[in-house]
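User: Hi! I'm new to this one and would like a friendly walk through it. Could you show me the model to begin with?
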Amino acid sequence: MGGTRAPTRLVLCCALFSLLAASLHGAATTTESIHHHKQRHGNGTAAAAAARRKKSEGASRVSCNMFQGSWVYDESYPLYDSSSCPFLEPEFDCQRYGRPDKSYLKYRWKPDACELPRFNGLDFLARMKGKKILFVGDSISLNQWESLGCMLHAAVPSAKTTFTRGSTLSAITFEDYGVSIMLYHTTYLVDIVSESIGRVLKLDSIQSGSAWLAADVLIFNTWHWWTHKGNSQPWDYVQDGSQVYRDMDRLVAFNKGLSTWAKWVDSNVNPAKTKVFFQGISPTHYQGSDWGDKNTKNCYQQTQPISGSTYPGGSVPAQGIVNSVLGSMSKPAYLLDITLLSQLRRDAHPSAYSGDHSGIDCSHWCLAGLPDTWNQILYAAL
């Protein structure tokens, strides 16, 4: 599955990034578009508008891929103090739970050919005034949701907020701006149903989608749980159509489940009202050999990113599936391709400094930390 060819349709509309970067930095930069989706209507208008923008921006533009770059040390980071964020949960609060080093907080993502615009919380709230932003996914989505809550709170620390935390739906609302950022917890996007034989993972069923439709921005994520087996696996059987199996190749199952999600988006989302993003695969760091250090067991005591812009372990097989499925969709869905920039951050996990986990956590990410960069990119895209 990892060899799935690159999609020929929509993956990401990078031109949005450059327009915002230019407005924030006064630079006439643009990004290399890898927007492969061809809408059925309006292409001529969009193409004409793009041509006018290109002409007006002049010949001094720089082509830029926001997801290709390296990490640079920046003393002005982090974007907020974790101790002042009222939304932060113990599992991500590495400083509170004893992490002795702080250098991991000081790195900024630098695309090779441009600058990622610095997050401006006031501008974000103004742009999103009256809107609902919904993260849909597992604990990686929780990681990113809490990051965005902390980033916005740091910008308006005295603003009136309401915070509700539920097992399925959670929300942070900035009342003065009418902006709600919400989290809908689902491990697979597709359903797990309790039946007489046990818990069944249904690869072709999404019954909870009606709860997602009220959002103006949807950010979906899934992968973390597809590889879980044994006691950590939250289902007993997997069903594909009318066939029920004890197990299935996990990449095959992921492909089927993600394809069901894509069909749901195509059938239910109105792109004139709702923007859809898919958060790329968030990597783990449990094998030092993946980054060229055979003497290191995992992410524990890693204090610096991997230098450069290449990850020795290569891409994650699930990335090919994501690219293929998104490329087959008829409705716009934008890939926030955070895998490589996250692979380079072996130092950014909670490891032993998580308040909610025993052992070493090299799956989730400290806050403040890497997910703040994911949200900087989301901010640029919006």
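Analyst: Happy to. In the second largest pocket there is about 400 Å³ of space. Keep in mind that this is a predicted model.

User: Which residues lie nearest the centre of that second largest pocket?

Analyst: Those are Trp223, Ser282, Pro283, Thr284 and Val316, out of 19 residues that line the second largest pocket.

User: And what does the lining of that pocket look like by class?

Analyst: The lining of the second largest pocket has 10 polar, 8 nonpolar and 1 charged residues.

User: Let's zoom out. How many helices and strands does the chain have?

Analyst: The chain has 8 helices and 15 strands. Buried residues make up 52% of its 382 residues. If you take contacts between residues at least 6 apart in sequence, 77% of them join residues at least 24 apart.

User: Is helix H6 mostly covered or mostly open?

Analyst: Helix H6, which spans residues 317-327, is mostly covered, with 8 of its 11 residues buried. The buried ones in H6 are Ala318, Gln319, Gly320, Ile321, Val322, Val325, Leu326 and Gly327.

User: Switching to sheets: in what order do the 4 strands of the open sheet come?

Analyst: The order is S9-S10-S12-S13, and the pairing in this open sheet is mixed. Strand S9 (191-195) and strand S13 (243-245) are the edge strands, each pairing on one side only. From one strand to the next, the twist averages 30°.

User: What holds strands in a sheet together, in general?

Analyst: Strands of a sheet pair through backbone hydrogen bonds, in either a parallel or an antiparallel way.

User: Then in which sense do S10 and S12 pair, parallel or antiparallel?

Analyst: Strand S10 (residues 198-202) and strand S12 (residues 237-240) pair in the parallel sense, over 3 bridges. Val200 stands opposite Tyr237 in S12.

User: Nice. Now a couple of single residues. Where is Ser351 found?

Analyst: Ser351 is in the loop between helix H7 (339-343) and H8.

User: Why does Ser351 count as buried?

Analyst: Ser351 counts as buried because its relative accessible area is 2%, and buried means under 20%.

User: What does Ser351 touch?

Analyst: Leaving aside residues up to four places away in sequence, Ser351 touches Cys299, Tyr300, Gly359, Ile360 and Asp361.

User: And Cys64, where is that found?

Analyst: Cys64 is in the loop between helix H2 (43-57) and strand S3 (69-73).

User: Is Cys64 buried or exposed?

Analyst: Cys64 is buried, with a relative accessible area of 1%.

User: Last one: what separates the C-alpha atoms of Cys64 and Glu115?

Analyst: The C-alpha atoms of Cys64 and Glu115 are separated by 9.0 Å, and these two residues are 51 residues apart along the chain.

Key
Residues are numbered from 1 along each chain as its sequence is written. This is a predicted model: local features need pLDDT of at least 70, side-chain atom pairs count only at pLDDT 80 or more; totals for chains, interfaces and linings use all residues. Side-chain values use heavy atoms; hydrogens and water are left out. Buried means under 20% relative accessible area, exposed over 50%, partly exposed in between (1.4 Å probe, protein chains only). Helices (H or I, at least four residues) and strands (E, at least two) are DSSP runs, numbered from the N terminus. Two strands pair if DSSP finds at least two bridges between them. Axes are lines fitted to C-alpha atoms, for helices over the stretch in contact, and angles run from 0 to 180 degrees between N-to-C directions. Contact means heavy atoms within 4.5 Å. On a 1 Å grid over the protein atoms alone, a cavity is a set of points where a 1.4 Å probe fits but cannot get out, and a pocket is an open set with protein on both sides within 12 Å along at least five of seven lines; lining residues have an atom within 4 Å of a point. Grid points are joined across faces, edges and corners, and a volume is the space filled by probe spheres set on the points. Ala, Val, Leu, Ile, Met, Phe, Trp, Tyr, Cys and Pro count as nonpolar, Asp, Glu, Lys and Arg as charged, and the others, Gly among them, as polar.
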